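I opened this notebook page to record what I looked up about charged and aromatic side-chain contacts. The entries follow in the order in which I made them.

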Amino acid sequence: MLKKSIFPVKLILTLGITLCLPISSAKAVQIDDVKLSDSNQPFTPEVRVLGPAPRKDSVEFHVALKMRNLDELQSRIDEGEEISAQELEKLYYPTKEDHNKIVQWLRNQGFSVKTYSHRLVIVAQGSADQVQSTLGVSLQQVLVEGKTYLATEDAPNIPGSLSDLVLGINGLQPHLRARPHMQNVQPLSVTTPFAPAFSINDLKVAYGVNKVALNGSGQRMGIVIDIFPNNNDLTTFWKNQNIPQSLNNIEKVCTGSTAGCNSTPSGEETLDVEMTSGLAPAGKVRIYGSGSLSFSALDAAYAQILSELQNGTTQLQQVSLSYGICEQFVSSSQLRTDSQFFAALVARGVTVFASSGDSGSSNGCSSSSSLKVSYPASDVNVTSVGGTSLVSTSTGTVSSETSWSGSGGGTSSFFKRPVWQVGTGVPAGTQRLVPDVSLVADPYTGVYVYLNGNAYQFGGTSVSAPLWNGLTALINQNRRSQGKSSLGLLGSKVYPLINTPSIRDIISGNNGQFRAGRGYDQVTGVGVPVFDQLLNTLSQ
């Protein structure tokens with residue numbers, strides 16, 4: 001029996017009426033057009049409208065297509081199945097026929113089109129005039145945080161004959177973007193062992209990684225972020241910590257603007273790569289530079305990863321996303337679009353991690369209601385990573401570890417609770433809970449990072465997510481040596497480990513609304529890894 005859909009779908013038909021649009025739009029909405037009311041968000045007070053968009057300016061948007069049999073796919077994912085590229089093509093991806101109908105419609109309107117082998121999204125580009133005429137929206141120049149964008153708060157329209165195929169139209173509100181989940185302070189120490197700023201070796205001792213002889217060989221760890229790190233920073237980081245890593249293991253793929261990918265590093269990209277490459281020094285790190293953290297730019301990175309997996313050109317076993325935004329600031333069509341990407345990635349055996357956020361239980365939202373969390377950490381196919389405050393003894397063992405006050409956590413208002421999110425401490429309810437797991441994140445018990453020629457101490461759940469990325473590479477290395485498949489969805493595998501030797505429970509501290517406690521809690525999830533024990537458990 002198929003499970004109920006994990007997210008709602010809403011399409012509102014505009015029937016029996018022709019709507020007159022502002023003069024900047026060249027076409028009125030037709031009687032049989034369908035308004036995609038879930039593909040936009042109202043402008044917030046921070047958005048300052050400057051005036052109509054210049055008619056000839058270039059605009060890009062994405063048409064997201066519906067996967068087939070998504071409930072069935074989710075059920076198989078929840079059961080731990082890994083699904084081949086051929087089976088995804090046969091049963092779940094949009095059909096070529098349906099995909100081609102939308103491509104032809106876009107080309108008939110004069111748009112240039114980019115497609116992917118999985119057919120989950122089509123990228124269209126044209127003038128502001130073309131977009132307004134085709135989609136029945138009014139584009140405006142808007143100013144947000146000192147930057148100008150072309151955006152609309154109108155819901156786009158599509159022909160009724162295509163409405164059953166389309167999940168949503170995204171990218172018409174590029175001012176909405178994720179933010180890095182990192183914080184930094186000047187280092188308290190960069191050389192003293194087992195004291196902040198913690199080195200990679202300090203972390204290996206604290207979490208039991210030093211007890212295993214694994215280095216990530218044969219593994220590839222993905223990182224999605226806007227900017228590429230500086231190579232000199234990476235090599236200095238490795239040299240200063242005696243990490244046998246090489247630039248030959250760093251792969252850079254720019255899926256966004258070249259200028260954006262090669263901007264001056266701001267810290268997040270460097271932190272992510274240094275943490276992941278440090279824990280798994282024989283593994284490869286593949287950085288997908290999105291050029292910006294707008295959702296359409298991030299979607300292009302997800303689409304690229306999935307295309308590589310579908311085409312067999314790149315093997316990727318784990319990926320981390322160290323950014324987020326209040327879930328309620330994102331249109332539901334965007335949430336559903338990305339959820340399809342994450343479902344397809346996990347189905348192929350990829351473990352996806354996302355930082356749970358650095359604003360405690362408020363999660364960067366406008367209120368502290370428990371029904372607000374950071375996205376993409378709230379997606380059911382993403383392993384959400386919270387944060388702790390770590391204190392080590394002079395020999396490196398853990399003196400204390402409590403929840404970090406900034407660790408994001410709460411209850412999703414969009415995603416239904418997955419069947420595997422059960423166990424001691426899990427509160428009653430029907431909605432997805434955040435986070436799932438944790439690692440060190442408090443900036444005052446933070447980690448050593450080398451950025452733009454200087455040493456820093458960094459914190460935030462942007463530390464804990466890429467660290468889990470590296471740890472999972474070690475687990476997958478061990479599983480591969482035993483002829484087993486990669487882990488894939490981690491959530492279904494760690495909740496049964498509550499109150500076992502594989503997980504150290506974090507029982508003190510709070511993030512505002514929620515307190516750490518026995519078993520699961522909405523500050524640190526199930527807890528932190530006792531890695532040598534967890535490795536054995538997840539390799540069986």
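With which glutamate does arginine 286 form a salt bridge, and how far apart are the closest N and O atoms? I found the partner to be glutamate 308, with the closest N and O atoms 3.0 Å apart, and I note that this is a predicted model. Arginine 286 lies in strand β15 and glutamate 308 in helix α9 (residues 295-311), so the pair ties together parts that are 22 residues apart in sequence. I then checked burial: arginine 286 counts as buried at 14% relative accessibility, and glutamate 308 is buried at 5%.

Glutamate 251 sits in strand β14 (residues 250-254), 35 residues from arginine 286, and both are buried.

My search of the whole structure gave 11 salt bridges. Another of interest to me pairs arginine 119 with glutamate 89, at 2.8 Å between the closest N and O atoms; arginine 119 is in the loop between β5 and β6 (121-127), whereas glutamate 89 is in helix α2 (residues 85-91). Here arginine 119 is buried at 6% relative accessible area, but glutamate 89 counts as partly exposed at 27%.

Turning to rings, I found 10 aromatic pairs in the whole structure. Phenylalanine 61 and phenylalanine 111 pair edge-to-face, 5.2 Å centre to centre with 90 degrees between the planes, and both are buried. I also noted a cluster in which ring pairs link Tyr302, Phe341 and Phe342.

Terms used
Residues are numbered from 1 along each chain as its sequence is written. This is a predicted model: local features need pLDDT of at least 70, side-chain atom pairs count only at pLDDT 80 or more; totals for chains, interfaces and linings use all residues. Side-chain values use heavy atoms; hydrogens and water are left out. Rings of Phe, Tyr and Trp (its six-membered ring) pair if their centres lie within 6.5 Å; planes under 30 degrees apart count as stacked, over 60 as edge-to-face and the rest as tilted. Buried means under 20% relative accessible area, exposed over 50%, partly exposed in between (1.4 Å probe, protein chains only). A salt bridge is a side-chain nitrogen of Lys or Arg within 4 Å of a carboxyl oxygen of Asp or Glu. Helices (H or I, at least four residues) and strands (E, at least two) are DSSP runs, numbered from the N terminus.
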